[in-house]
Amino acid sequence: MEKRICVVSDDLCSGCRNCEMWCAFLRSNKKGFGGGHSKIRIVKDDRGLLNRPLVDCSGRACSPGGEEPICVEMCPTGCLIYCNSEDLHKKKLDLNEKRKDQPVFKLIAPWKYPYPWRKLEKEEL
Amino acid sequence: MSYGWRGKILRVDLEKKRVFSEELPKEWMRNYIGCRGINSFILYNEVGPQVDPFSDDNKLIFGTGPLEGTPVGMGRVSIQTKHPNRSIAEGGAGGHWAAELKFAGYDFIVIEKKSERPVYLLIHDDEVRLCDARHLWGKDTREKHAILRQETGIDNIQVASIGRAGENLVANAKVQFTLDHSGGKACGTIMGDKKLAAIAVRGTGMVRVKEPDRFLAGYRQLRRHLDLKETIDVFVPSWAFNGANMLLELFNENGWVHAFNAQKGSLEPMLNDVEYLDQYITRPESSFCCPFPACGRRYEVKEGKYAGIAGDEREVGFAQAGPINGFCSWPVVLKFRDLCSQAGLDEDQAMYTIGWATECYERGIITKKDTDGIELGFGNEDAFIEMTEKMISREGFGDILAKGSQEAAKIIGKDSEKYLLTIKGKELERMPQRNGYQMALALAVCEAGPDHTRWYPPYPPNPKAIPKHVEIPFDPFKAFQTRSVDDKGRLVKWLYDSRAVIESLPSCVFVVRGLLGIDLSPWLELFNACTGENLSVEEFLNVGERIVNLERAYIVREGFRRKDDTVPRRMLEEPISDRHIPPIGKNLDLMLDDYYGQRGWDIETAIPLQETLRRLSLEFVIDDFREMGIHLPETPVKAPCGEGSRREEVK
């Protein structure tokens, strides 16, 4: 199955627009940032209730070898992933499952912040 | 063609309702870079000592810098004006507003004169106009945002606005950007005085990068320093999800909290960050291109008295309202956050002023008669919320508190000023001082009141994790010994200079962590790659030093001297009672001597020496001081202390 740039869950999008800016950067032949060159766009409603990434992209233009496209690389929460529809489904289940145990997965995807976590040691403080 | 900078200043005359576009001089870019640096330069040159803060001639400056609009800028904007107490009112804020301003083609907006009727400024690329805002006046900031989005019909327009606090000229009112990002204490007040309700911006242009591949490589490096697994900074992972929340517990354990108006160092029970994340946080909500997953978050109160409250928060300073006023309840502090955010009220002013009034009430200095029947008392949550509302609307006793605690103490008298927690007339920002002398010194010498973002972060990088090739201009072991005066001058000077230049790029000081906080070369690499400049690390740091000296010159010209560089009396004279931590006492004076010596300032007056100003190419300040008759010392009166001379610690 073909890989595409997928949104795992709207509520994992922090609305930071890293994806939008870096996509614009590559699509403008690296001239700069902004300018409406991006293939991905974050829509925010008037009252800040949601961030919705709108994307319809196979990622082939910026990752001819199937590596991680730049929007996925720069996404800080793991909301964007590069996979086929079957993997997307698995990731969604994984996210929902892990959220039950760890509230921090409301804020970041488990694949972006895998165990083991670093803990603050007393002597480090 | 200009890289990084868009090269334009927008000047808005509110009286004649005219807008001019002006070229940004190349010399300014090189000497001050942008954002906070150029703002300070404009303020120094255009708002002189003769200008009254509430007069037509005071100016309000919104600035961005060369890296704004790129992912390194992180949406930072610096707002600057003359503070009502004649010092500098400066603050940074995040959000998406600043990036849109860059995309629209402007680096700076200078607001001049006053309007008779409320207006708002609309910037949509080349279309810039002032519009009637009578229908917006009196509305809260979120409503202003929503109305302007609907009214203009411009997709994704970003709004900077003031709320009722700014409109009612509450002392330190802030400007709110993109819903719940805020900054610029007292800038909201001056914006209200100028009757400018909002600035709505949308741009579709580009911020160009000179060397794109180098820039991308530099950015990847920056992200690696902040990577949750690879960073050498143990606080990065906690910060990435919890913001300052994780500090609540840490502060409380170590007695760093200003509990009960800083009479104590901790509160039991204390607000718990795990409970907060579990019950009140719903999802991440970031500034423009923030590299952290959830430094900003969206909260929601689902049940109880305050059910239905929702908004964004970051850097959870507002939660300290709990310990300062002696209560422990997430819904109440979130209600407080919501009130402040909607009204553009400064949380620090509100929480410390009410904390101070509460102590005065408990000591019998004020009574129920003064407070309009409200029983102020530590732990009285309802009274706290009620008083916050009264401050915003300036009703009854709230009108006195709205002037700020220092002014309120002058009105109340009866020794109430003994319990103030203010520096240069502004309320503290929750940073402990008796337990961390570097913080006490840094807050005391800050040109813009007790601003902690100018020297952030207050904790040391782990000295063992610092790579050998990184040169640090202070001894990290000595400098971060919290209750000693050793090497604090060099540390604080370096913190100020390096942060000044990072704030001028601009970038967010909350990512200046780990190696990024002690090594400027990743920042310089990004700056050079973006703009095509070729600065060295020394030149880069020199810019920071120049900015700090110019800001010092500004407040010197307004009459501020060494006596104003101090911390609240409580920190100097009273111990933290529940922790047996002694007051700072004369140690502050030792550190000040050291700091001024390191800076090349006169130790008696804190005025920069002529040779320092010359070294930093600030000759115009020398001429200015001469004209005004301010005595400029030639050579240091005493030898700088640094590693030696007057180092006698007072226990």
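## A three-stranded sheet in chain B

In what order do the three strands of the open sheet in chain B lie? The order is β14-β15-β16, and the pairing is antiparallel. This is a predicted model. β14 (281–284) and β16 (310–314) of chain B are the edge strands, each pairing on one side only. On average, neighbouring strands of this sheet are turned by 30 degrees against each other, direction ignored.

Five bridges link β15 (residues 296–300) of chain B to β16(B), in the antiparallel sense. One bridge is given by residue: B:Glu300 has B:Ala310 of β16(B) as its partner.

## The β7–β8 hairpin

Strands β7 (residues 119–124) and β8 of chain B run antiparallel and are joined by six bridges. B:Val119 faces B:Asp132 in β8(B). Two residues sit between the strands of this hairpin, and B:Asp125 takes a positive phi near 55 degrees.

β8 (residues 127–132) of chain B is hardly covered. Of its six residues, the count that is buried is zero.

## Where chain B meets chain A

Contacts involve 41 residues of chain B and 32 residues of chain A. On the chain B side, the elements giving two or more residues are α4 (141–152), β13 (206–208), α8 (236–242), α11 (273–279) and β14. The largest share, five residues, comes from α4(B). By type, the chain B side holds 22 nonpolar, eleven polar and eight charged residues.

Strand pairing also crosses between the chains. β2 (residues 32–34) of chain A runs antiparallel to β13(B), with three bridges joining them. Here A:Gly32 stands opposite B:Arg208 of β13(B).

Methods: Residues are numbered from 1 along each chain as its sequence is written. Chains are lettered from A and ligands numbered from 1 in the order in which they are written. This is a predicted model: local features need pLDDT of at least 70, side-chain atom pairs count only at pLDDT 80 or more; totals for chains, interfaces and linings use all residues. Two strands pair if DSSP finds at least two bridges between them. Helices (H or I, at least four residues) and strands (E, at least two) are DSSP runs, numbered from the N terminus. Axes are lines fitted to C-alpha atoms, for helices over the stretch in contact, and angles run from 0 to 180 degrees between N-to-C directions. A residue is buried if 20 or more other C-beta atoms lie within 10 Å of its own, exposed if 12 or fewer, and partly exposed in between; C-beta atoms are placed from the backbone. Two residues are in contact if their C-beta atoms, placed from the backbone, lie within 7 Å. Ala, Val, Leu, Ile, Met, Phe, Trp, Tyr, Cys and Pro count as nonpolar, Asp, Glu, Lys and Arg as charged, and the others, Gly among them, as polar.
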